[in-house]
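Good morning, colleagues. Please look at the model on the screen while I describe its chains, its helix packing and its interfaces.

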Amino acid sequence: MAIVRKNSNLHLALIRLRRNRLALLGLAVLFVLVFTAVFADFIAPYDYAEQDLLESFEPPSRAHWFGTDEFGRDILSRVIYGGRISLQVGIVAVALALFIGGMLGAAAGYYGGRVDEVVMRVMDILISVPRILLSIAIAAVLGPGMLNLMIAIAIAATPAFARVIRGAVLSIIGNEYVEAARCMGATDTWIIVRHILPNCMGSIIVLTTLDVATAILAASSLSFLGLGIQPPYPEWGAMLSAARGYLRDDAYMTVFPGLAIMITIMSLNFLGDGLRDAFDPKQKR
Amino acid sequence: MFRYILKRLLALIPVLIGVSFFIFSLLALTPGDPANIVLGADADEAAIKIFRTEQGLDDPFLVRYARFVYRAVAHGDIGRSYATHRPVAAEIVTVFPTTVKLASLAVLTAVVIGIPFGIISAVKQYSVLDSVTMILAMVGVSMPNFWIGVLLILFFSVHLGWFPSSGFDTLSAMILPSVTLASNTLAIITRMTRSSMLEVIKSDYIRTARAKGQRESVVIWKHALGNALIPIITVVGIQFGHLLGGAILTESIFSVPGLGRLMVDGIKSRDYPVVQGGVLYIALMFALINLLVDLLYAWVDPRIRMRYR
């Protein structure tokens with residue numbers, strides 16, 4: 001969306017978003033998280049895999065703000081690098097789901113008939129298994145690793161996008177400007193890309209934002225179960241899982257990865273809720 | 001009504017076929033020969049060959065799938081566990097009640113706490129109580145389940161020693177897992193109840209009820225809640241289904257011997273028939289719960305009930 005015309009829906013939504021303090025807070029925190037993730041190499045005080053067995057199980061101190069883990073690795077650095085992994089998995093998985101789900105949903109809504117029937121029945125099948133369970137089953141089959149984790153989460157997220165985009169397409173397709181474009185000889189692709197998609201941008205942006213939160217949560221859940229990111233890579237869920245073994249004496253280890261997940265999810269939710277209110281002021285609660 | 005239920009039950013069949021096909025092909029594509037998983041990596045060729053023939057592993061994929069469906073439908077046989085050699089169906093039936101109990105306790109906790117708080121929050125919109133409730137709800141939505149579980153164990157088992165940190169056999173052992181599993185749902189139900197009530201409270205018939213001098217408590221709890229209940233029921237129903245899936249994490253944190261734990265163990269030991277059976281079973285339950293939720297609508301809302309006649 002390079003062009004933001006004055007008084008366009010997007011422009012009005014952005015104006016409304018600017019008045020929502022919680023959404024702005026969420027956005028600010030996300031900026032910080034993305035920044036630290038991108039420049040983790042310069043910001044993190046230590047390397048995420050650097051072991052120092054003489055300094056293992058150090059509680060938070062000046063040298064190690066978040067303490068050290070069972071191998072003497074700096075937890076702050078691992079949390080920072082973990083953000084890189086979580087954001088990467090969340091964003092790539094949702095982008096994948098948006099792309100596939102979007103194409104399927106747009107095709108189903110636009111062409112209707114048999115295409116619609118087939119696409120939506122397949123989506124119904126995927127929806128008939130609870131989302132986290134579907135991800136777990138797929139990840140179990142694909143095996144551990146970041147790419148497989150992304151695929152498992154993306155597949156489970158696809159039906160939601162297909163449904164929302166199909167619904168949006170159906171609500172727009174009856175409008176006169178679509179008919180006008182068709183009369184002028186526009187191709188189907190052109191109509192979908194140029195006329196229909198921009199008009200359901202609002203619901204797509206909202207769903208995408210909220211879904212990145214869901215995806216990050218799913219990624220850490222899977223890693224917690226040992227299905228996602230493997231050691232020594234510092235995934236927040238995997239770090240929590242490892243810290244569980246030292247609850248009795250070194251509880252600080254469980255605090256920071258959990259906080260990191262919570263803060264990330266919360267800012268995405270604030271931003272997503274704010275975007276929803278901004279794009280659909282009538283729905284405002 | 002009866003015809004409607006029947007129609008919905010019939011509509012389940014293609015979905016279940018689809019899910020079973022999806023899961024079956026997923027597991028068929030898995031690298032690794034089941035014969036090696038069962039007999040060990042260094043089993044000799046002859047034994048592997050016998051095993052493969054016995055299990056029909058050399059047949060084409062569609063034949064294997066058809067046989068799976070036939071056995072499942074005709075005999076309720078969805079394969080045997082590689083690890084215990086017991087029928088998967090029997091294993092699932094043994095552990096499933098525990099998962100249902102866990103999920104039910106969680107939903108109960110969430111409903112009993114979430115709906116009243118949602119209502120009070122809506123009635124006293126913008127009050128301190130409303131803000132605090134909404135902040136807590138936001139925290140509840142954003143905290144990963146497993147982190148809540150770990151923190152609860154840390155405080156209530158390790159430090160205070162009030163509740164055991166694992167198991168599910170006594171009432172005190174059920175409290176932490178249920179609260180853990182309930183936390184996200186509780187937050188969602190609170191938020192949903194609040195927004196649903198806010199919408200209803202502004203409507204004309206509430207003003208009418210107040211105008212005719214009805215007591216405020218009756219207005220809120222009868223007129224308003226009665227109408228706000230439909231979206232709440234939807235959320236509760238959907239959540240119950242998701243809790244069956246989400247129980248996987250809770251069960252593995254607290255070592256609850258339920259379906260989730262069975263499946264996690266199955267995944268770890270590559271006991272695929274168990275995983276496959278578990279996913280199918282939950283999909284079936286999920287679908288039945290959705291049907292139940294739709295029927296509940298009719299019970300709550302006379303307008304919908306009329307349509308089914």
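This is a predicted model: local features need pLDDT of at least 70, side-chain atom pairs count only at pLDDT 80 or more; totals for chains, interfaces and linings use all residues.

Read from the N terminus, the elements of chain A run α-α-α-α-α-α-α-α-α-α-α-α. In other words, chain A has 12 helices and 0 strands. Here helices (H or I, at least four residues) and strands (E, at least two) are DSSP runs, numbered from the N terminus. The C-alpha atoms of chain A fill a box of roughly 75 × 45 × 35 Å along the principal axes.

Residues are numbered from 1 along each chain as its sequence is written, chains are lettered from A and ligands numbered from 1 in the order in which they are written, and side-chain values use heavy atoms, with hydrogens and water left out.

Let me turn to helix packing within chain A. Two packed helices are described by the angle between their axes and the distance between the axes. Helix α1 (residues 9-18) of chain A and helix α12 (residues 252-279) of chain A have axes that come within 8 Å and cross at roughly 130 degrees. That angle makes α1(A) oblique to α12(A). For reference, angles under 35 degrees count as roughly parallel, over 145 as roughly antiparallel, 65 to 115 as roughly perpendicular and the rest as oblique. The axes are lines fitted to C-alpha atoms, for helices over the stretch in contact, and angles run from 0 to 180 degrees between N-to-C directions.

Which residues meet there? Leu10(A), Ala13(A), Arg16(A) and Leu17(A) in α1(A) meet Gly274(A), Leu275(A), Asp277(A), Ala278(A) and Phe279(A) in α12(A), where contact means heavy atoms within 4.5 Å.

Chain B has 13 helices and 0 strands. Its C-alpha atoms fill a box of roughly 85 × 55 × 30 Å, again taken along the principal axes. Chain B is divided into domain 1 (17-75) and domain 2 (96-308), with bounds that come from an automatic or database domain assignment. The C-alpha centres of these two domains of chain B lie 38 Å apart. Their contact takes 10 residues from domain 1 of chain B and 7 residues from domain 2 of chain B. Between them, the two domains of chain B bury about 780 Å², 78% of it on carbon and sulfur atoms. Buried area is the accessible area (1.4 Å probe) that two parts lose on being put together, summed over both. On the domain 1 side of chain B, Ile23(B), Leu27(B) and Ile37(B) lose the most area to domain 2, together 55% of what that side buries.

Finally, the two chains together. Chain B and chain A bury about 3,500 Å² between them, and carbon and sulfur atoms give 80% of that area. The contact takes 40 residues from chain B and 39 residues from chain A. In chain B, Met138(B), Phe146(B) and Trp147(B) lose the most area to chain A, together 17% of what that side buries.

Helix α6 (residues 131-142) of chain A packs on helix α1 (residues 2-28) of chain B at an angle of about 25 degrees, with the axes 9 Å apart. The two helices, α6(A) and α1(B), are therefore roughly parallel to each other. Leu134(A), Ala137(A), Ile138(A) and Val141(A) in α6(A) meet Phe22(B), Leu26(B) and Leu27(B) in α1(B).
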